[in-house]
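Please open the model in a viewer and keep the selection panel at hand.

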Amino acid sequence: KEFWKYEITSISGDDWAILTLTNGTQYKFRISGTWNGQLVPSALWYPVEEIEDTSGNTITITNTFEDASPGDSTFFIDSIKDSYNRTISFDYFTQNFKNEGLKSITANSETYNFTYEDFTDTSGYFLLKTVDPPEGPDWQFDYSPLYNNQNEELTTITYPTGGVIDYLYQTETFSGFDTIRSIMTKTTSGRDVATGVWSYSY
């Protein structure tokens with residue numbers, strides 16, 4: 001309907017898939033060869049590496065991947081750079097020699113840092129705790145203890161401006177599905193914020 005065009009072509013000996021949108025913008029994906037010094041893995045999907053508009057302006061995305069197990073490759077964005085060499089860099093924290101979560105984002109010589117807390121279960125995931133801007137207060141995320149051995153639930157988000165969002169949950173059973181925890185109310189409050197309550201029914 002949108003008349004997008006998908007083609008596979010060879011560039012510098014590597015095979016690329018190129019998706020061209022109606023407005024002429026191209027999204028380019030390397031599907032064989034090497035990138036960032038690594039062999040492109042056999043996968044069902046590939047990360048975009050370059051976006052180019054009809055004027056020749058480009059956004060280049062540098063990726064790395066971890067081959068955790070056969071058929072289970074995980075891709076990470078290292079950097080995003082435009083035609084004017086403006087760059088956004090991404091750093092990750094590691095555990096068990098694997099990239100586990102976003103540690104920081106740097107742009108224009110300013111860095112946003114991310115901190116986490118461990119799950120109290122054995123899933124191996126981490127919960128975002130704070131987002132620290134280059135200066136000023138941070139974003140804060142609080143969680144409830146485990147409910148019936150399920151994942152911890154996000155209960156409060158506190159914004160640098162002083163605004164607060166609180167969540168309460170309830171247990172719902174949908175026909176044909178497992179019992180799940182769902183949002184019951186969302187409440188806004190905080191400095192210079194009118195208190196408001198949103199209620200959810202299912």
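Helices (H or I, at least four residues) and strands (E, at least two) are DSSP runs, numbered from the N terminus. This is a predicted model, in which local features need pLDDT of at least 70 and side-chain atom pairs count only at pLDDT 80 or more, while totals for chains, interfaces and linings use all residues. Residues are numbered from 1 along each chain as its sequence is written, and side-chain values use heavy atoms, with hydrogens and water left out.

**Whole chain**

Begin with a cartoon view of the protein: zero helices and 17 strands make up its secondary structure. Then switch to a surface, where the accessible area (Shrake-Rupley method, 1.4 Å probe; for residues, only the protein chains shown count as cover) comes to about 13200 Å², with 51% of it belonging to carbon and sulfur atoms. Of the 202 residues, 30% count as buried; buried means under 20% relative accessible area, exposed over 50%, and partly exposed in between (1.4 Å probe, protein chains only). Contact means heavy atoms within 4.5 Å. Among contacts in the protein with a separation of 6 or more, 19% are between residues 24 or more positions apart.

**Two loops with positive phi**

Select Asn85, in the loop between β8 (73-82) and β9 (87-95). Its phi is near 65 degrees, a positive value in a residue other than glycine. Most residues other than glycine have a negative phi. Asn85 is exposed, because its relative accessible area is 57%.

Next select Ser109, in the loop between β10 (98-107) and β11 (110-118). Phi of Ser109 is likewise positive, near 65 degrees. Ser109 is exposed, at a relative accessible area of 78%.

**The largest nonpolar core**

Which residues make up the largest nonpolar core? Select Phe114, Leu127, Val131, Phe141, Tyr143, Ile157, Ile165, Tyr167 and Tyr169, nine residues in all. Such a core is a set of buried Ala, Val, Leu, Ile, Met, Phe, Trp, Tyr and Cys residues joined through side-chain atoms within 4.5 Å. Strands β12 (126-132), β13 (139-143) and β15 (163-173) each supply at least two residues of this core, and β15 gives the largest share, three residues. Centre on Phe141: leaving aside residues up to four places away in sequence, it touches Leu128, Lys129, Thr130, Val131, Leu154, Thr156 and Ile157.

Move to Gln140, which lies in strand β13 and is partly exposed, with a relative accessible area of 35%. Its side chain and that of Asp138 are joined by a polar contact of 3.2 Å (a pair of N or O atoms within 3.5 Å; within protein, one must be able to donate a hydrogen and the other to accept it, and residues adjacent in sequence count only if both atoms are side-chain atoms). Gln140 and Val164, 24 residues apart in sequence, are 9.5 Å apart in space, C-alpha to C-alpha.

**Salt bridges**

A salt bridge is a side-chain nitrogen of Lys or Arg within 4 Å of a carboxyl oxygen of Asp or Glu. By this rule the count is eight.

Select Lys28 and Glu52, whose side chains meet in a salt bridge (2.9 Å, N to O). Lys28 lies in strand β3 (residues 26-30) and Glu52 in strand β6 (residues 50-52), so the pair ties together parts 24 residues apart in sequence. Lys28 is buried at 11% relative accessibility, whereas Glu52 is partly exposed at 22%.

Go on to Arg181 and Glu153, where the closest N and O atoms of the salt bridge are 2.6 Å apart. Arg181 lies in strand β16 and Glu153 in the loop between β13 and β14 (154-158), so this pair ties together parts 28 residues apart in sequence. Arg181 is partly exposed at 24% relative accessibility, and Glu153 is buried at 10%. Finally, select Asp14, Arg30 and Glu49, which salt bridges with shared partners join into one network.

Is Thr185 buried or exposed? At 14% relative accessibility, Thr185 counts as buried; it is found in strand β16 (residues 179-190). Beyond its neighbours within four places in sequence, its contacts include Tyr167, Trp198 and Tyr200. Trp198 is found in strand β17 (residues 196-199) and is partly exposed, at 43% relative accessibility.

End by selecting Trp198, Tyr200 and Tyr202, which make a nonpolar surface patch of about 340 Å². Patches are made of residues with over 30% relative accessible area and no salt bridge; like charges are joined within 9 Å, nonpolar side chains (Val, Leu, Ile, Met, Phe, Trp, Tyr) within 5 Å.
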